[in-house]
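Please look over the sequence and the model first.

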2 protein chains.
Amino acid sequence: MEFEEKTLTSEKIFDGVLLHLVREEVLLPNGKTSIREMIRHPGAVAMIPFTNDGKMVMVRQFRKPLDRTVVEIPAGKLERSDTEPFQAAVRELEEETDYRADKWTELTTFYPTPAYLDERITLYLAEGLTKVQDSLPMDEDEFIEILELTYEEAKALQDSGEICDSKTIYAMLFWEMRLLQKKIGE
Amino acid sequence: MEFEEKTLTSEKIFDGVLLHLVREEVLLPNGKTSIREMIRHPGAVAMIPFTNDGKMVMVRQFRKPLDRTVVEIPAGKLERSDTEPFQAAVRELEEETDYRADKWTELTTFYPTPAYLDERITLYLAEGLTKVQDSLPMDEDEFIEILELTYEEAKALQDSGEICDSKTIYAMLFWEMRLLQKKIGE
């Protein structure tokens, strides 16, 4: 089966601070044409940070598209100067949570919504956390509350809807799995 | 802690077929202002469909933002006529996979990336599948290959990177959890 959609014309609609919107006319496999509206994004990292007593570090912040606060695992977008996502992960964990991690494991990479967005998130497990005294400052327009949550506390935030984004519901399922594996000694 | 960002000005940048881009100037809790670029999206549904012999139904399609094919669980966006997400779920499962489900369970709702996008996905478990003879036609510009995968087959597609979007990696972790729970009789 032939799937490829060839680009016929590509038009930059918007070049923003964060987002870049492109509109392309594509040639479909059946010879017809269609319009694809796409967002270009620099990519991001996210971390599942466990404290030494088994809590997960999350952050509460206001998310303007939803007009309310959301509790999420720490994350941040790649900067031009990042030669690899791991560099961003170390920086963003410290900026957002004041923690450094001893042990990093790359878990997966994923696209939040590849139908119209090319953002790619690399997800890490961050363990062996120690508080940084003289931590990196946050971005100027970030207002963040740092939370250290037990599984039950985080589950309550998920039930109330404050934990609701793709990377964090993945982290919750990862945590549930990990607890089950520990319970049965796997 | 005060989090709210008040909208000072709101500007429609682009009104597309699918995407609507808004640029807002907001008042931050510290009295400064910042720019928020946001995408408005009508919302979507996604389904984790299990066949009666325990395979998961997925679809392969070309995703222009990545310029390659991606294997995903079935999904579709809400139409104006949908009074609730469930109506879209029933339609999209049939349109994309030619299956109807006897047993539906709402698993969760999530936002792929709430930092700049308001898309909300309602995720269902769809079981008790039967093939529809006279199925709903697909959208004109959709080219889809229907796959029925064992866990091992799906895992191989995840390892190769063809399974890579947020809803489908969540479905994979959900599946792994379900298999583990069955194994230990929970």
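## A buried charged pair

In this predicted model, Glu92(B) and Arg91(B) are both buried, where buried means under 20% relative accessible area, exposed means over 50%, and partly exposed lies in between (1.4 Å probe, protein chains only). The two residues form a salt bridge, with the closest N and O atoms 3.5 Å apart. A salt bridge is a side-chain nitrogen of Lys or Arg within 4 Å of a carboxyl oxygen of Asp or Glu.

Residues are numbered from 1 along each chain as its sequence is written, chains are lettered from A and ligands numbered from 1 in the order in which they are written. Because the model is predicted, local features need pLDDT of at least 70 and side-chain atom pairs count only at pLDDT 80 or more, while totals for chains, interfaces and linings use all residues; side-chain values use heavy atoms, with hydrogens and water left out.

## Other salt bridges

Over all chains, the structure holds 30 salt bridges. One of them joins the side chains of Arg60(A) and Glu162(A), at 2.7 Å from N to O. Helices (H or I, at least four residues) and strands (E, at least two) are DSSP runs, numbered from the N terminus. Both Arg60(A) and Glu162(A) are buried.

In chain B, the side chains of Arg60(B) and Glu145(B) meet in a salt bridge of 3.1 Å, N to O. This pair links distant parts of the chain, with Arg60(B) in strand E5 of chain B and Glu145(B) in strand E10 (residues 145-149) of chain B, 85 residues apart. Arg60(B) is buried, with a relative accessible area of 17%, whereas Glu145(B) is partly exposed at 27%. In chain A, a network of salt bridges links Arg63(A), Glu72(A), Asp165(A) and Lys167(A).

## Surroundings of Val71(B)

Val71(B) sits in strand E6 (residues 68-72) of chain B. Its relative accessibility is 0%, so Val71(B) counts as buried. Val59(B) is 12 residues away along the chain, and the C-alpha atoms of Val71(B) and Val59(B) are separated by 5.5 Å.

Leaving aside residues up to four places away in sequence, Val71(B) touches Met58(B), Val59(B), Arg60(B), Leu147(B), Leu149(B), Leu157(B), Glu162(B), Ile163(B), Asp165(B) and Thr168(B). Contact here means heavy atoms within 4.5 Å.

## Aromatic pairs

A pair of aromatic rings is described by the distance of the centres and the angle of the planes. Rings of Phe, Tyr and Trp (its six-membered ring) pair if their centres lie within 6.5 Å; planes under 30 degrees apart count as stacked, over 60 as edge-to-face and the rest as tilted. The structure holds 10 aromatic pairs over all chains. In one of these, the rings of Phe50(B) and Trp175(B) have centres 5.5 Å apart and planes at 70 degrees, so the pair is edge-to-face. Phe50(B) lies in the loop between strand E4 (44-49) and strand E5 (56-63) of chain B, and Trp175(B) lies in helix H3 (residues 166-184) of chain B, so the pair ties together parts that are 125 residues apart in sequence. Phe50(B) counts as buried at 4% relative accessibility, and Trp175(B) counts as buried at 3%.

Trp104(B) and Tyr124(B) form an edge-to-face pair, 5.8 Å centre to centre with 85 degrees between the planes. Trp104(B) is in strand E8 (residues 99-110) of chain B and Tyr124(B) in strand E9 (residues 121-131) of chain B, 20 residues apart. Tyr124(B) is buried, at 4% relative accessibility. In chain A, ring pairs link Phe50(A), Tyr151(A) and Trp175(A) into a cluster.

## The interface

Between chain A and chain B, 70 residues of chain A are in contact with 70 residues of chain B. The two chains bury about 6200 Å² between them, 69% of it on carbon and sulfur atoms; buried area is the accessible area (1.4 Å probe) that two parts lose on being put together, summed over both. In chain A, Phe3(A), Lys64(A) and Phe143(A) lose the most area to chain B, together 12% of what that side buries.
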